[in-house]
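Okay, thanks for coming, everyone.

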Amino acid sequence: MQQRHTDREVYFHELAQTSERYFIPYVERVVTLSSSARVLEVGCGEGGNLVPFARRGCAVTGVDRAAVRVAEAQSFFSAAGLEGHFEAADIFNWAAPAAAYDVILLHDVVEHVPDKAGLLCILRRLIRPGGVLFVGFPSWFMPFGGHQQIARNAFVAHCPFLHLLPLPCYAGLLRRFETPACVTELLSIRACRCTVRRFEREALLAGWTVADRQLWWVNPHYEQKFGLRPRLMPAWWARLPLVRDMTATACFYLLQ
């Protein structure tokens with residue numbers, strides 16, 4: 001477990017820098033961000049991804065199931081002198097106005113949600129005509145696609161492809177070294193796992209069109225986490241399904 005998993009303010013600022021350098025330029029391939037733009041992030045956590053949007057004068061809203069994360073987002077935004085509206089709510093039960101947002105962010109969330117098509121259908125009702133949904137997630141088959149880096153045990157946290165063990169072996173190993181809460185979370189991620197093919201199928205079922213796709217060999221957030229230079233996957237490599245899924249540390253989509 002890294003410092004950013006316990007020091008949420010550090011994580012907040014790291015996310016803000018990644019969003020500034022990579023998310024905003026990517027979103028602006030499809031939409032122009034003006035001061036009148038309304039931006040929603042689902043699963044906003046501490047709100048770091050929304051910081052650069054708020055700095056541009058956008059009206060930003062963050063929704064997260066964890067009340068403690070929403071409280072942190074409010075505190076961090078206030079300390080930064082930024083305006084943002086945050087709510088503790090489950091998006092499946094959230095009473096939001098239809099066609100309200102120009103940009104919706106769904107970053108490192110979809111791989112945690114069992115009903116992916118249902119979630120994408122809800123977001124489709126919230127987007128304005130001409131708006132864009134940005135989705136980012138790690139491919140399940142990549143070395144740390146099981147999010148095992150959140151584990152407390154050093155071996156579990158640093159062992160690549162550990163999550164691809166047969167379920168009885170993986171669950172038994174987790175129970176040997178991890179807390180019940182961590183075991184529950186990691187097994188939930190395994191149950192909800194997301195591949196490139198599965199995500200694109202679910203997006204199509206929900207009525208979205210893929211406006212753009214970026215698959216990354218080196219996740220843009222690794223620049224903040226590890227000092228690594230982000231690197232996109234070549235198009236020819238991305239056409240090889242299994243190889244692609246085993247090496248895509250981040251999958252970015254713009255949906256309309």
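So, strand E4, residues 101–107, runs parallel to E5, with six bridges joining them. Helices here are DSSP runs of H or I with at least four residues, strands are runs of E with at least two, and the numbering starts at the N terminus. Two strands pair if DSSP finds at least two bridges between them. One of the partners: Leu106 bridges to Val135 in E5. To get from E4 to E5 the chain goes through helix H4, residues 116–126, and that β-α-β crossover is right-handed, meaning that with the strands pointing away from you, the path from the first strand over the helix to the second runs clockwise.

Before I go on: this is a predicted model, with local features needing pLDDT of at least 70 and side-chain atom pairs counting only at pLDDT 80 or more, while totals for chains, interfaces and linings use all residues. Residues are numbered from 1 along each chain as its sequence is written, and side-chain values use heavy atoms, with hydrogens and water left out.

Gly136 sits opposite Phe252 in E8.
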